[in-house]
Amino acid sequence: MNIIKKIRSTLFRWQQKWLYGVIKTQIIGPDIKDFNLDPDKPIIYAMLYPSHAEQLVIDAEVNKLGWGSPHQDRIERRLPGKPFFNIYRRAGTPFRKQGTPIVAKQLIRQAEWLAEQDERDIQVVPVRVFWGRAPEKEGSFLRIWLQNSGTLGGRLFTLMAILLNGRNTFVHFSRPMSLRELYEPGKSPEMLARKVARVLRVHNRQVSASVLGPDLSHRRTLVHQIPHKPLVLKAIEEEVATQGISKAKAQQKALKYADEIASNISYTNVRFLDVLLTWVWNKIYDGISLHNIENLKNISKDNEIIYVPCHRSHIDYLLLSYVLYHHGLQLPQIAAGINLNMPVVGPILRRGGAFFMRRTFRDNKLYAAVFDEYLHSVFSGGYATEYFVEGGRSRTGRTLSPKAGMLAMTLRSYLRDSRKPIMFVPVYTGYEKVFEANSYLGELRGQQKKKESLLGVVGTLRSFKRSFGKVNVTFGEPIYFTEFLNQQRPDWRAEDYSTCDYRPEWAPKVVDQLAKEVVTGINSAASVNPINLIALSILSAPRQAMDEQQLIVQMESYRNLLAQTPYSKLTALPDGNGAEWLAYAEKLDAVSRSKHPLGDLIQTSDRQAVTLTYYRNNVLHLIALPSLLACLFVNNQRYSSEQVQAIVASFYPYLQAELFLHWNSSELSSEVQRWLDALVDCGYLHLNDKGYHATPASSNEYALLEGLAANVMQTLERYFLTLSVLSRKGSGELSAKELEEQCTLLAQRISLLYGINAPEFFDKSLFRTLIQQLVSEKLLAKNSDDKLTFSNELDALTSALEEVLDGALRQSILRSV
């Protein structure tokens, strides 16, 4: 008998060795470290269909994980029955996709063994083996047909799947469940086995949706269906009436729009991009750090996910898809600008999941209806989706004011069909060096934005010779759409929206609020890297130059402050120390070194200084509140706690609107106090019975306080400049657009006169945001001629700014006005 066991074991290992000669595996799914398997309790593995090849893979993978060999357990009969069982029987014919649900006999035997003694337990680990993982259907029918060969029946199909797709084999382990916890005293072992099989089938459907996504109709079928949808038919009738064309021509036009928009995701293309991007990341990046992805894996099974990342670079969507693919999550359908639908690049992106949209289609109702219907087919089908609420890429490094168009379309789709819950996942991507830095620099200096072209893409290949540091990707806290709508509009389900084309009058206000929550969620997920710390420190110094040791101390002080008083629970901070961060920044050419006998100086060229403002702006919101507090004390002697709270409360609405800070007015007071305590603990401020005051100006702590204040001081100067222009011109003299233009021109002039190397100082959109917030706070109003009017209430804000700002700079601004 021992000889037979030995022969079986040898044959099993030989088959395993042969199999791993032709396949390459990757574990996906939840973090294995969190499984907490008990080594003293037996483990059985739940498979979808019976497969000897999958048993070979599972045995090899769990051996690598140190869980013990299931094959060896079977040989030594440590548990009645086999350590593997399946929950479906294969379909009777190759073309029938759905298998037959079963309750495995060995599972019943194991349930009987469990019931014999109360102290016994069995750990069940669900496992899926994907011979290739295609998110959706594509042109290579054979590969997709074979990706889940267990449904097809027969060893021949499994062998074909291994040979065609085996180099891309994914193994998905789910968290173990205890049979003892599912066991109900008094119930038969067969009832327990049925319950386990039922739970596993539900779990399998969730895993399939999370990893593969739902089946997508062939692209051609989907595209041809769209012109026949009710909302599109209505738009076609309007097109016929307004344009004087035939219905057939209008339908052909709608079909052309649908074909222009629709993605055509292809497994072959995904594999190509996987290989290509793996090479690219290894070539230009030093690694990708992921944060909070386990939480995403946990919640992705029960919800349709819409990823809403910040938009810093064209790399963003490639990077996010790459990360999701390698962590066993469904690839999203990605909204991309039509400018990217260029030769060669466009088809590759389309087959990678991109669907293309025009920048504006407000005046093209037929295109809008087609796009709406396509988006609805994606949402209602349960596909993961990705779009950028900022619209374009941020040239200044700040999170841009959101454009609510895609969110409005999402709301319209959800009002039509809310059966599948939607969850928005903000995603923050933090670069140490953006790919497009040079082009951003040119645009900020007034150069016209270059149109994307194939030659431009080829030109970026030169960048592969340089290092771009590391990338941080953080998945923010999800926003559950149903809960959000319940809060904003409790009776939304009771209304009939068909008569208004799913555009209720309350929608714009709700969508605007959702947009703010999304970008606020992105900022709450921000991570900090060494380049951010360098930028925060050296840009606060006169002439953007610092003593090496002073710079190191300043960087470490920022990190310590953020560690002591984190902006959010997702805030990620860099490892190491200031000296290591400085050496790293020099390696990336972020700063330059000048040798000096009394100590080396670290400085920046004009190009480096402007580029560093980008990385400072990435994380400026994290220190906006302590920086504002520092501004109060660098030019003044003393404040009571009440005075500090009042001044901060007067400035906060404008900082919040500009930087998307997440504290509401009721939370602000406690947050201000938390930061006051932190600044006192660090020695930047002192507290006595007369209130708070700065440390002596001769101390090192005061220099750090000045540096901290400098990060927000330019923002306050912009506010003062705007109010000064308003005051000089008078109430009712300027429209919002005229005020915006005059402030922008004046800020450009001041930045040239005083060497302010920060392009956002004269960013027109920031003046626009400030003016809108002043109107929102009712300090400004618009008269019948659309001119801005104001009363003496504006003086209080002006006075608060005068008290905080340096006197010489205030006078310079007033003279320039």
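What share of the contacts with a separation of 6 or more comes from residues 24 or more positions apart? I looked it up for the protein: the share is 77%. I note here that the model is predicted.

**Entry: the whole**

I listed the secondary structure next. The protein has 33 helices and 24 strands. I then checked the radius of gyration, which is 31 Å. The globule rule gives 28 Å for 817 residues, and the two values are close, so the protein is as compact as a globular protein of that length. I also took the spans of the C-alpha trace along the principal axes: about 100 × 75 × 60 Å.

Then I turned to burial and surface. Of the 817 residues, 56% are buried. The protein exposes about 36,400 Å². Carbon and sulfur atoms supply 51% of that area.

**Entry: helix 11**

I picked helix 11, residues 247–261. It has 15 residues. From first C-alpha to last it reaches 21 Å, close to the 21 Å expected at 1.5 Å a residue.

Which residues of helix 11 are buried? I wrote down A250, A254, L255, Y257, A258, E260 and I261. I then asked what covers them. The cover includes four helices: helix 9 (219–225), helix 10 (230–243), helix 15 (345–351) and helix 16 (365–380). Strand 12 (354–357) is also part of the cover.

**Entry: aromatic rings**

I searched the whole structure for aromatic pairs and found 22. One of them joins F361 and Y367. Their ring centres are 5.0 Å apart, with 55° between the planes, and the pair is tilted.

Are F361 and Y367 buried or exposed? The cut-off for buried is under 20% relative accessible area. F361 has 15% relative accessibility, so it counts as buried. Y367 has 0%, so it counts as buried too.

**Entry: charges over rings**

Last, I looked for charges over rings. The charged end of R416 sits over the ring of Y502, 5.9 Å from the ring centre. K433 lies over the face of F468, and there the distance to the ring centre is 5.7 Å.

Conventions. Residues numbered from 1 in each chain as written. Predicted model: local features only at pLDDT ≥ 70, side-chain atom pairs only at ≥ 80, totals over all residues. Heavy atoms only, no water. Phe/Tyr/Trp six-rings, centres within 6.5 Å; stacked < 30°, edge-to-face > 60°. Buried < 20%, exposed > 50% of the residue type's maximum accessible area, 1.4 Å probe, protein only. Lys NZ or Arg CZ within 6 Å of the ring centre and 35° of its normal. Helix = DSSP H or I, 4+ residues; strand = E, 2+ residues; numbered from the N terminus. Expected span 1.5 Å × (residues − 1). Contact = heavy atoms within 4.5 Å. Rg over C-alpha atoms; globule rule 2.2 N^0.38 Å. Areas by Shrake-Rupley, 256 points an atom, 1.4 Å probe, with all protein chains shown as cover.
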